[in-house]
Amino acid sequence: METKKPQIHRMLTAGLAAVAAATAALSSATWAQAADTEVNLYSYRQPFLIKPLLDAFTKESGIKVNVVFAKKGMLEKIKAAGDNSPADAVLTVDIGRLYALKEAGVLQSIKSDVLNKNIPAHFRDPEGMWFGLTARGRVLLLSKDRIKPGSIKSYEDLTKPEFKGKICTRSGKHPYNVALIASMIAHHGEEGAQKWLEGVKANLARKPQGNDRAQAKAIFEGVCDIALSNNYYMGKMMTNEKKPEQKKWAAAVNLTYMNQDGRGNHMNISGAAVTKSAKHKDAAVKLVEFLSSDEAQRIYAEDNHEYPVKPGVPYSKLVQSWGDFKADTLSLEKIAKLRPAASRLVDKVGFDDGPGS
Amino acid sequence: MRHAAAVSGRFSVRQLIARLTPDRWGAATLAVALFVATPLIAVASIALTPAPDIWRHLYDTVLFGYIERTLILIAGLGLGTFILGTGTAWLVTMCRFPGRGLFNWALVLPLAVPTYILAFVFTDQLEYAGNLQVALREIFGWRDRQDYWFPEIRSMGGAITVMTLVLYPYVYLLARAAFLEQSVCVLEVSRTLGKSAWQCFWQVALPLARPAIVVGMTLAMMEALNDFGTVDFFGVKTFTAGIYDVWLNMDNISGAAQLASVLMIFVVVLVVLERMARRGQRYHHTSTKVQALPSYQLRGWRAGLAIAFCALPILLGFVLPASVLTSYAVVFFEVTLNANYLTITLNSILLSASAAVAAVAIGLILAYGLRMGEGPLPRAAVRFASIGYAVPGAVLAIGVIVPMAALDNTIDHFSERVFGISTGLLLSGTVVAILYGYLTRFLALSFGTVEAGLGKVSRNMDGAARTLGASPLRAMSRIHFPLIRTSLLTAGLLVFVDCMKELPITIILRPFGYDTLATFVFQYASDELFEESALGALTIVAAGLIPVVILALTSLRTRPGHANPGGRA
């Protein structure tokens, strides 16, 4: 055994030398990038969707954007890497993720006059931790043939006995529905929201399933008459040249905003934030500022049929054709905080088990 | 000796420690097993971090529903893969009927198809607007849903069907290999004793092949336990759906890790129970009489049934998805070609191949260590490390990133202090993290296959080699290696195919600008535009085909002395 010692020493020395050499090579690479010529983005949004925006940003600023896309685990990844996390900014599609990132303490507060000017206060975090970039409405799609316009005016109307067996929706656990249920808790209290959710469940035509477009399709096929959907899916179906059958689905329904005589239609946001550990903070802020600019907001509106948050940027022609509407101004942070309660409510009511369970 | 120590009646700490202390082989095995199991341990330790209690709520509401559906899913899948896998394996090894030679290798093809892709294709074809129902409506003049009944594809039945079609090849491969290896003597004896073909199957061949079949079924069931994409697509709320719900909707990663830990315990119990059920049944074939197997010639309707039984899983599990993908790929090929198609294909292949080599190496070390070493601890550690296959991929990815980033940060701080140089994320920021995740995820495949191969090498041979003065290493290279070469190849190919299909670990752990075919397809599928990435999906299937066909052809030759032109065993 004694004789092995020098060998181990030699191995250790060699190992350390190798590590030192590698680190030297790595750190010189880091220095070369010091001028913020690039920015690293974690995106909950599909790269092919945001590519036009990022290309426009690169063209304007000369800053290259590296993207990695995932729908789970980003928060844990940033948290685990701590100060060494390569992520400079995060792009999300739901208030829930933004709030969770903030709560996890991985974001930093950004004070930017540009952002404060471009984004109305209720679409950004009071502490500047996150910024809403687009708004999306959870609307109802109503069968043109079978539902008389004006017979459903609010989310509360969904529980009316006359709509028994007529409602379609995706899973109650989907972030978009969880946020809607959270807003019902905010407005009616937990008990009121539970009663409401039970009423909606009793009126379901089938077990919650599929995505938002699948609900329009179900109305087209006569499975149901009323569906919950985000507004922009309607725009995407109506303009889908690659799959023209989707135009028929969209043609079978009327997009209808809810609670126009009261608090307004429930809204969610897609947004962005800068991480606490950002190595390219300036570039990250520039990117978020750019995404709130006229140019980027117009791309969001035209390509994706979402509502730009920046006042004065016009909606897409299609979205305009659905008319003006009143949006619920309930605090997004409040919605985000109530998500766990909303998710538990879905369990309690057995919403996803479908009608008659 | 051990037994004597146990019944001596006097509790002795020294004896206990002596029993638990592994020897050199055991210690090495333990160390490697712990290395592979680290992500699982990390998940368990996340479960211990304080967080709001989820159990009261789950117990009151959905917990039993999750458990019930999960049990139904794995029971249905177990039964389905058993019937399809064992049935087809028996037919192609023991019977003669037209097309047998083709079925022999084609039955493995569905393994190359990712479950989520088959799920999509099935829904696409079988739902109301799908080709089948459209055709039915046209033929029979039905107008809408009220006119006829059609099974709902987005259901438990749909999930079981799709998973069975993709996963039965595990059982098929292992059962077929087991049938091929059965000594002809055993079967001939049973025939001589007046057993019918069915009796031979049920009373002799099946019990002898049981360990292999159970391994195949266990793999399939573990795959079903870790799956989220498919069950979510079919609207079936299983235990895994619950894990993701607690994690992402209730913002409670600790609660999710608690659920995942319960899942791991469940798998351990299942595996232990199965092992206890066949305790003491260790067979080595001692006969060397391995001439061509006798076979039953099937004619008429029997042959027709055999053909239908073998053709159906191939048609539904491979031909259908491949042709649907091809038809979409022809229309939408540009989307994939524009997205650095060659680079992402190369990434997929290189990553999967490296993972396959590493997984086989680790599997070999562990299987060999357990054979040579003594002590219950290393054995338990290896069993524990193998359950990574049942853990939902995204949870496992968190289990990889937490300890790996901690190690990176420790190295970074050390180097910063000592050399004044920041090393950043040396490992967790690179593909090493993905490889590590794959190792843990697929250990059950690599270790399981190698262990099964090694288990077939009689210990008498080890004894003979050692008596003749060969060192353990020499015994390994001269005796074992040639005998388990096929098992090593099988293990490597299985891991390769599974890595090509793997999604959740890859997508979370990959560095910037690094895409594989699976992450590329997911990008579109998650925006409801699956068709546009069809060429990518088709490439996953095609790249999986090559190893799958090699698999089918090599294991054909495993019957020593038969159909093996290379030489005699």
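Let me open on one residue. Just after helix α3 of chain A, A:G82 takes a positive phi of about 55°. Keep in mind that this is a predicted model.

α3(A) runs over residues 74-81. Is α3(A) mostly covered or mostly open? Mostly covered: 7 of its 8 residues are buried. They are A:M74, A:L75, A:E76, A:K77, A:I78, A:A80 and A:A81. So what covers them? From chain A, the cover includes β1 (38-43), β3 (89-92) and α4 (95-103). From chain B, it includes α14 (253-277), α18 (393-418) and α23 (504-509). Both chains contribute to the cover, then.

That takes us to the contact between the chains. Chain A gives 43 residues, and chain B gives 43 residues. On the chain A side, the elements that give two or more residues are α1 (4-32), α2 (47-61), β2 (64-69), α3, α7 (212-220) and α14 (339-349). Which of these gives the largest share? That is α14(A), with 6 residues. By type, the chain A side divides into 16 nonpolar, 13 polar and 14 charged residues.

Stepping back to chain A as a whole. It has 14 helices and 9 strands. Its C-alpha atoms fill a box of roughly 85 × 55 × 40 Å along the principal axes. Of its 357 residues, 52% are buried. Take the contacts between residues at least 6 apart in sequence: 79% of them join residues at least 24 apart.

Over to chain B. Helix α14 of chain B, one of the elements covering α3(A), holds B:V272. Buried or exposed? B:V272 is exposed, because 12 other C-beta atoms lie within 10 Å, and the cut-off for exposed is 12 or fewer. In sequence, B:V272 sits 111 residues from B:R383. In space, their C-alpha atoms are 9.2 Å apart.

Last stop, α9 of chain B, residues 156-181. How well does its span agree with its length? At 1.5 Å a residue, its 26 residues should span 38 Å. The end C-alpha atoms are 36 Å apart, which agrees. Even so, α9(B) bends by about 40° at B:L165. A proline, B:P169, follows within four residues. And the surroundings? 23 of the 26 residues of α9(B) are buried, so this helix is largely enclosed by the rest of the structure.

Conventions. Residues numbered from 1 in each chain as written. Chains lettered and ligands numbered in written order. Predicted model: local features only at pLDDT ≥ 70, side-chain atom pairs only at ≥ 80, totals over all residues. Buried ≥ 20, exposed ≤ 12 C-beta atoms within 10 Å, placed from the backbone. Contact = placed C-beta atoms within 7 Å. Nonpolar A, V, L, I, M, F, W, Y, C, P; charged D, E, K, R; others polar. Expected span 1.5 Å × (residues − 1). Bend = angle between axes of the 7 residues up to and from the residue.
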